[in-house]
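Student: Could we go through this structure together, one question at a time?

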Amino acid sequence: MSQSHHENENMGAGHITKKNYIIGFLLATLFTIISFGFVAFKDSMPRSAVVILLSVAALLQMFVHLYYFLHLNKSSEQRWNVIVFAFTALLVFIFVGGTIWVMYTLNLRMM
Amino acid sequence: MNTTEIKNREEAEVIAAEHAHHAELNTFGFWIYLMSDLVIFSVLFATFVVLGKNYAGGPGPKELFHLPYLFIETMFLLLSSVTFGFSMVAMHEHNKKAVITGLIITGLLGLGFIGMELYEFYELIAAGHGPDKSGFLSAFFTLVATHGAHVSFGLLWLIVMIIQLVKQGLSDGVRSRLVRLSLFWHFLDIVWVGVFTFIYLMGMV
């Protein structure tokens with residue numbers, strides 16, 4: 001494998017350009033401002049809407065970071081990184097979701 | 001090329017490929033560590049969800065958190081991710097000076113973030129709202145301080161890398177360590193997105 005073939009290949013951490021970081025920064029800033037905006041204008045919407053919109057904005061911003069900063073994408077070079085991340089996300093879903101479910105139900109039954 | 005030259009060339013290519021493979025494995029191994037770190041943060045988040053409304057008759061997020069302050073803090077960290085990214089681009093262009101400059105700016109921005117966080121903690125504790133005062137505050141301080149501790153270790157690592165860069169330039173070891181530090185740094189910004197959204201902003205709703 002020659003060097004030139006892997007120009008800007010980042011030891012398994014993905015292909016990088018300045019443009020990636022600038023676009024990622026602008027999108028992340030946009031989502032940040034949107035999130036803060038939801039809170040600033042929370043009185044004009046039902047609370048559940050704000051909660052959902054904030055969560056979605058956070059999730060989308062995390063994807064922005066993962067794609068533009070961490071270069072996680074659908075390429076075969078990134079495949080194992082993505083698989084390991086997806087598995088961890090599943091664990092997190094079980095731990096956090098399960099905790100919320102159990103504690104909420106417990107609280108309900110003890111009232 | 002004669003037979004010996006061909007053989008030497010092939011060996012050099014094999015060695016280069018092995019080094020590249022080894023570096024990739026190091027990167028992947030570090031990524032797996034970051035995933036375990038993600039699990040740790042997620043259970044701290046879960047703890048906050050469970051305890052986050054227990055104010056023990058004391059103040060809650062609406063009384064204690066300041067949005068403009070939080071926004072500036074967030075931008076410090078976000079910008080530092082970008083400047084680190086620029087360092088990595090410079091690394092691939094073999095521009096040692098630009099790498100060092102980028103890392104120094106990243107470090108200063110990270111220091112700004114930590115400084116603001118420490119000041120926030122100081123103010124809270126001085127006003128009698130320390131981590132021992134309520135379930136909400138315990139969970140808040142634990143999660144946010146764990147993140148802050150990670151960033152602080154990252155800053156230390158940054159300093160070490162700058163020193164190594166000055167002393168040995170963009171050697172193979174320095175490059176692969178910088179790649180891992182970059183993963184670490186970006187990961188912490190992702191965790192912060194979760195922190196400022198679900199701990200701070202959600203509490204203000």
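**Where chains A and B meet**

Tutor: Across the interface, 41 residues of chain A are in contact with 43 residues of chain B; contact here asks for C-beta atoms, placed from the backbone, within 7 Å. This is a predicted model, in which local features need pLDDT of at least 70, side-chain atom pairs count only at pLDDT 80 or more, and totals for chains, interfaces and linings use all residues. Residues are numbered from 1 along each chain as its sequence is written, while chains are lettered from A and ligands numbered from 1 in the order in which they are written.

Student: Which element gives the most to the side of chain A that touches chain B?

Tutor: Helices are DSSP runs of H or I with at least four residues, numbered from the N terminus. Two or more residues each come from α1 (18-40), α2 (47-69) and α3 (79-109) of chain A. The top contributor, with 12 residues, is α3(A).

Student: How do α1(A) and α3(B) run relative to each other, roughly parallel or roughly antiparallel?

Tutor: Their axes, lines fitted to C-alpha atoms over the stretch in contact, come within 9 Å and cross at roughly 170°, with α3 of chain B spanning residues 67-92. Angles run from 0 to 180 degrees between N-to-C directions, and those over 145 count as roughly antiparallel. The two helices are therefore roughly antiparallel.

Student: What pLDDT does chain A average?

Tutor: pLDDT is the predictor's confidence in each residue, from 0 to 100. Over residues 1-8 of chain A it stays under 50. In chain A, 92% of the residues score at least 70, and the average is 90.

Terms used: Two residues are in contact if their C-beta atoms, placed from the backbone, lie within 7 Å. Angles under 35 degrees count as roughly parallel, over 145 as roughly antiparallel, 65 to 115 as roughly perpendicular and the rest as oblique.
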